[in-house]
Each structure stands twice: as C-alpha cells, then as structure tokens.
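Please look over the model below before reading on.

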Amino acid sequence: MARKKQYNEEEVIEKATALFWRNGYEATTVRMLEKEMGINQFSIYSSFGNKQGVFLESINAYKKRIRSITDKLSKSNNGKEGIKQYFYDFLEFAKEKDKNRGCLVTNTVNEIKEDGDPIIMEQLLDFANDIKQLFVDNLLQEEGNTAEEAARQSNYLMNSLLGLSVSSKVFDQSQLNDTIEFTFLNI
C-alpha cells in the first residue's frame with residue numbers, strides 16, 4: 001500500500017522555485033532542494049522524478065504566479081502602452097523584500113550551459129514565446145501596424161525585457177524607469 005505524502009506538493013514546489021530563482025538551475029543540487037523543500041531525496045524522486053522534474057514543476061508554479069501580470073496584459077486594449085505597463089508591473093513582480101530578483105526564466109537562461117538540458121531549454125523558450133505573443137497581440141492594436149511589424153517589434157521588446165530583468169538586479173529604480181521609457185520611444 002502506498003504511503004500518504006507528509007507534505008503539500010504545491011508548498012514544496014514554491015520553496016524549490018524560490019531556490020532556483022536565487023541560485024539558478026545548474027547551481028542547485030538535489031541536496032539543496034532537500035533542505036529547502038524540507039523533504040528527503042526519496043520523496044523528491046518519488047514525486048518529481050529528479051531535479052529536472054522539480055524544475056519543470058517550478059516553471060509551472062512561476063507561470064501561475066506571473067499570471068497576475070500576464071492576464072492584465074492579455075486583457076489590455078492599450079497597445080504598446082499596455083506592454084509598457086507590463087514592464088513596470090514585471091519589475092514589481094520580481095521584487096522580494098525590495099530586492100530585485102530578475103526573472104526566473106531569464107536567470108536560468110543566463111546560467112545554463114550551451115549543451116544544457118534540451119527539455120529545460122524547450123520550457124524556457126515556450127515561456128518566452130508566450131510572453132512575446134502577448135506583445136504581438138497588443139502591438140496589433142496599434143493603428144496601421146502589420147503582423148510582420150508587430151512580430152519584429154515584439155522581438156525587440158522581448159530582448160529589452162530580458163535586458164531589463166538582468167539590469168534590475170544592478171540598477172536603481174530611476175535607471176530602470178529610464179530604460180523602459182527609452183525602450184518605448186523606439187516603437
């Protein structure tokens with residue numbers, strides 16, 4: 001007979017997500033996950049398969065968490081102004097105790113090796129493409145914007161957002177605001 005789990009999977013994944021967000025995927029070990037999640041290695045393997053499985057669940061938890069601002073963008077009918085607000089909302093979303101953490105996905109992309117896990121890379125790319133599609137949808141609200149132009153602009157905005165994510169860990173709010181404002185002068 002299977003044993004009943006002595007932990008809440010959602011709670012332990014939230015703890016794992018915070019650990020991956022701080023340390024990155026590759027720098028996080030199963031031992032670190034055990035300590036952070038408060039469960040043993042057997043439970044990790046039993047519930048999630050391996051470190052990769054824990055990370056994939058963490059990405060799903062991150063998607064749920066960030067939905068607070070992606071839903072706002074998906075419902076926006078303000079074109080590029082809606083995307084600009086998303087950039088500001090993202091900076092607030094990524095803070096923890098007034099410290100900028102950047103984006104879990106961006107942090108992972110920055111630290112993962114070229115020959116990194118293809119399943120992890122696929123998940124990160126899917127996440128980025130979902131955000132990029134929200135940008136395209138909003139850019140198409142701009143009068144006279146074609147699908148081709150919206151796609152090109154969304155590429156630019158995605159790169160700008162990735163840069164903002166990294167910069168948020170170094171620069172102050174005033175500098176980040178300048179970055180956002182100048183980004184949208186170019187669209």
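**Notes on a helix pair**

1. H8 and H9 are roughly antiparallel to each other (an angle over 145 degrees). Their axes cross at roughly 175° and come within 11 Å. Axes are lines fitted to C-alpha atoms over the stretch in contact, with angles from 0 to 180 degrees between N-to-C directions. H8 covers residues 147-167, and H9 covers residues 173-185. Helices are DSSP runs (H or I, at least four residues), numbered from the N terminus.

2. H8 brings Tyr156, Leu157, Ser160, Leu164 and Ser167 to the contact, and H9 brings Leu176, Thr179, Ile180, Thr183 and Phe184. Contact means heavy atoms within 4.5 Å. By class, 6 of these residues are nonpolar, 4 are polar and none is charged.

3. The model is predicted: local features need pLDDT of at least 70, side-chain atom pairs count only at pLDDT 80 or more, and totals for chains, interfaces and linings use all residues. Residues are numbered from 1 along each chain as its sequence is written, and side-chain values use heavy atoms, without hydrogens and water.

4. Is threonine 183 buried or exposed? Threonine 183 is buried, because its relative accessibility is 8%, and buried means under 20% (1.4 Å probe, protein chains only). Beyond four places in sequence, threonine 183 touches Phe87, Tyr156, Leu157 and Ser160. A polar atom of its side chain lies 2.7 Å from the backbone oxygen of threonine 179.

5. Threonine 183 and lysine 84 are 99 residues apart along the chain, yet their C-alpha atoms are separated by 8.8 Å.

Notes: Helices (H or I, at least four residues) and strands (E, at least two) are DSSP runs, numbered from the N terminus. Buried means under 20% relative accessible area, exposed over 50%, partly exposed in between (1.4 Å probe, protein chains only). A polar contact is a pair of N or O atoms within 3.5 Å; within protein, one must be able to donate a hydrogen and the other to accept it, and residues adjacent in sequence count only if both atoms are side-chain atoms. Angles under 35 degrees count as roughly parallel, over 145 as roughly antiparallel, 65 to 115 as roughly perpendicular and the rest as oblique. Ala, Val, Leu, Ile, Met, Phe, Trp, Tyr, Cys and Pro count as nonpolar, Asp, Glu, Lys and Arg as charged, and the others, Gly among them, as polar.
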